[in-house]
Structures are given as C-alpha cells and as structure tokens.
Amino acid sequence: MFRRTPGAQWRALGQIITLVVVLAACSATPVAEERMPREAEPTASPTVELIAQPTMEPTAVPEPSPTAAPRLSDIRPNELGDLMVLEYHVIGDEELRWTRTREHFRQDLDYLHRHGYHLTGLNDLLDNRVRVPAGKTPVVLTFDDSNRSQFQFIVDPNGDLKVDPSSGLGILEAFIAEHPDFGRAAVFCVLPGADPPNDLFGQPEYGRQKLQYLAQRGYEICNHTLWHANLAEVGEKETVRQLALTTNTIQEAVPGYQVNVFNPPHGVYPEDLRPVLAGTFEGVSYRHRAILEVGGGPMTAPDHQETDFLHVKRTQAIPVVLENVFRHFEEHPEDRYVSDGDPDRVVFPARLTANYRPSPDASEEPSPDPGYRVIRLR
Ligand SMILES: [Zn+2]
C-alpha cells in the first residue's frame, strides 16, 4: 500500500478500508470556525498559568540555598525507572488495529497529563538530558507512516495554512495549548516516497512545509524508509538508497536537520545493522543513533544498564495494551521513571544501584538523603 510500484501489499484489506474511511472523514471535515489557540502567542489565560506547575511549590521548610529546592523524599525521583514510548498510526473515526480514534487519542493525552507524565522527545533521551519537571515522568509519542490523518493542513478564510484541528497533530497542539505544563514533543516517522495517503502526510503540495512546521515547532522527524520497504527483502544497496533519499528529503526541507532515529518498517531488522546505522548514497549521508522496535512494552531509562538505543521498545496505542500498561504504572509507581527536575544529573533510589550504568564523565555527588544516589552528568 505504501509502495509506488504495483503489486506491493502491506497490511490486510481492512487497513485499506480504514484509510479510505479516514480520508473520507478528513476531506469531509468542514473548516472549523473557531480559531485554534496557537501556542506561540503569549496569550495563555491566567487560570492556565495558575495550574501550570502545581508540584513545583517549595515546601515551607527554610532552606539555606537561594532556590529552596524540594526534598528528594518529597519528589521521590527514580531516574532508573521505566517510561513509555507510545506508538500511533492512523488517527480516525473508528478504533481499529492500526487506528486510534480522535476521541481516544484526546483521552490518552488527558490521562497522561492527569497522571504526571510530561511530553519528551527521543533526542533528549539519546543525549541523556531529560528535561522534565521534578516529579514528572517522561512520555514519548511516536507516529508511524506519515499518514494524512496525523497531520493535515487546511486553508483558513484568510488564505493561511493551519493545522486541521481534527488531525492528530491538531488534537495534540490544541491539548498542549490548553495544558502548557504538559510540554511539547512528538516523533514523526516519515515515508517520503510512499503512495497517498502516506506520502509525507498525504498532501504532496505541502510535504515540504509540513516537515518545516514539525521541525520549527520542536517535533522530531524520524526515518521510516522511502515507501515502507521490508529491509529483509530489499538488500543492502537498496536499504542505503532508501535511507539516504529519505534523509535528503528531510534535509532539503529543513537544512541541517540531524535525523537521529530510524524506524524499520514492519519492525524488521536486517541481520547486519551497520547499513541502517550509517551510509552514503549519491553524496547524501545519514547516521542514526537509535532504532525503534514495533513493540516490547515500556523502555528502561537512559542510565539503566539494560538500555539499548538500537532496540528502543515501544508500547502500541491500542486499547488492551494501553489499559494494561497504564494500570501497571498505577499499581507499581515504584517502577516508573520520576524526574528530579535537573537534566544534568541522575538521581535514583540507592536500592537500585545495581541497575545503574555509569556514563563516562559522570561523578557522584554527596546526597542530601541517604536513600538516594545523586550522579552529576555534566
Ligand atoms: Zn510503519
């Protein structure tokens, strides 16, 4: 389905029907009369500001330091805990194997926000610089296959392009605008050479502008091959060509953009990983630092000794999987990554020391609480 050459098949017929339904829904969506709040405008209402940082209030205990920091025992940081990399495909009208409804997607965001999660990109995890407020848990949203339902532009009455509020990105941006304390991040894994509606989000006239929009707003773009190629079938030469040309499309739109993440279609890893990690075709080079799995559940923290960024585990955003993983973290909050609020240090319960993998330049600091270890990263 994603392939331009005839005869290629991807998912079952049901998926094709899904896309037709979604597209019909998208094209039937009227231009919304209400203006979607724009994050860039400094017009957040006072009430939003007031609820923005409920957990950041310092305690009444006097502290010698000028910025009275909350105590570790109040924050309960666990920067060796697990976190979720959620995986979405189509955002549509009916819940199907590869489709999350708009309403459920909105509910996912609301659940995550209410339960102390904070949007994060993969680049921060790769850089071991997790910029999440104290007490919060990072969560990564990934969108596979650059389907039109994820990101649709519409032309407003003034002739300006705006994100369709009924598309996945529109729903996400509206939620972020209402909840600025939720952060802003998502990862879009694109197929520049696929058939519609997966060719850079299904509006070829806007493909370039969509890549620019994503990069300008701080979202991340990930390489998913040209047209969803199965790397076990196409061979090394074609693999390198596909990855380089995808990189080229991204960098032509966003000069200098460093694509760090590769998402192998169908979750199929080639036997030899070297060609997907780095390569050059017709003068265009790529170098990936992370490879995404298609499933696997929550991932371990960047400093956890089991973490392997060449196998980033993900959690599929489908009903039974999401319900289970959400419930797991509600019942086992001790398993969850909880930030200390400082991206330049790693803080974790001392009982988890065996799980810690030291970074080369890290050094231990005296801990204000014997129950926690504090490691300075930089
Ligand atoms: Zn895919």
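This is a short walk through one protein model, from the overall fold to a few local details.

First, a caution. The model is predicted. Now the overall picture. The protein has 10 helices and 17 strands. Of its 378 residues, 39% are buried. Look at contacts with a separation of 6 or more: 70% of them join residues 24 or more positions apart.

Next, a helix pair. Take H4, residues 102-114, and H6, residues 168-178. Their axes come within 10 Å. They cross at roughly 35 degrees, and the crossing is right-handed. Which residues meet there? On the H4 side, Arg102, Phe105, Arg106 and Leu109. On the H6 side, Gly168, Ile171, Leu172 and Phe175. By type, that contact has 5 nonpolar residues, 1 polar and 2 charged.

On to H7, residues 207-216. Which residues of H7 are buried? Lys210, Leu211 and Leu214. They sit on the same side of H7, because their arc around the axis is only 100 degrees. What covers them? Just after H7 comes Gly218, with a positive phi of about 90 degrees.

Stay in this region for a moment. The loop between S8 and H7 holds Pro197. A cis peptide bond joins Pro196 and Pro197, with omega about 5 degrees. Keep the background in mind: most peptide bonds are trans, and most residues other than glycine have a negative phi.

One is Asn128. It is not a glycine, yet its phi is positive, about 55 degrees. Asn128 lies in the loop between H5, 122-126, and S5, 137-144. Is Asn128 buried, exposed or partly exposed? Partly exposed, because it has 18 C-beta neighbours inside 10 Å, and buried would take 20 or more.

The other is Glu282, in the loop between S11 and S12. Its phi is also positive, near 50 degrees, and Glu282 is not a glycine either. Glu282 counts as exposed, because 8 other C-beta atoms lie within 10 Å; the cut-off for exposed is 12 or fewer.

S11 covers residues 278-281 and S12 covers residues 284-287. The two strands run antiparallel, joined by 4 bridges. Ala278 has Arg287 in S12 as its bridge partner. Between the strands there are 2 residues, and Glu282 takes its positive phi in this hairpin.

Conventions:
Residues numbered from 1 in each chain as written. Predicted model: local features only at pLDDT ≥ 70, side-chain atom pairs only at ≥ 80, totals over all residues. Pairing = 2+ DSSP bridges. Axes fitted to C-alpha atoms, helices over the stretch in contact; angles between N-to-C directions. Left-handed = near helix turned anticlockwise from the far one by under 90°. Contact = placed C-beta atoms within 7 Å. Nonpolar A, V, L, I, M, F, W, Y, C, P; charged D, E, K, R; others polar. Arc of directions from axis to C-beta.
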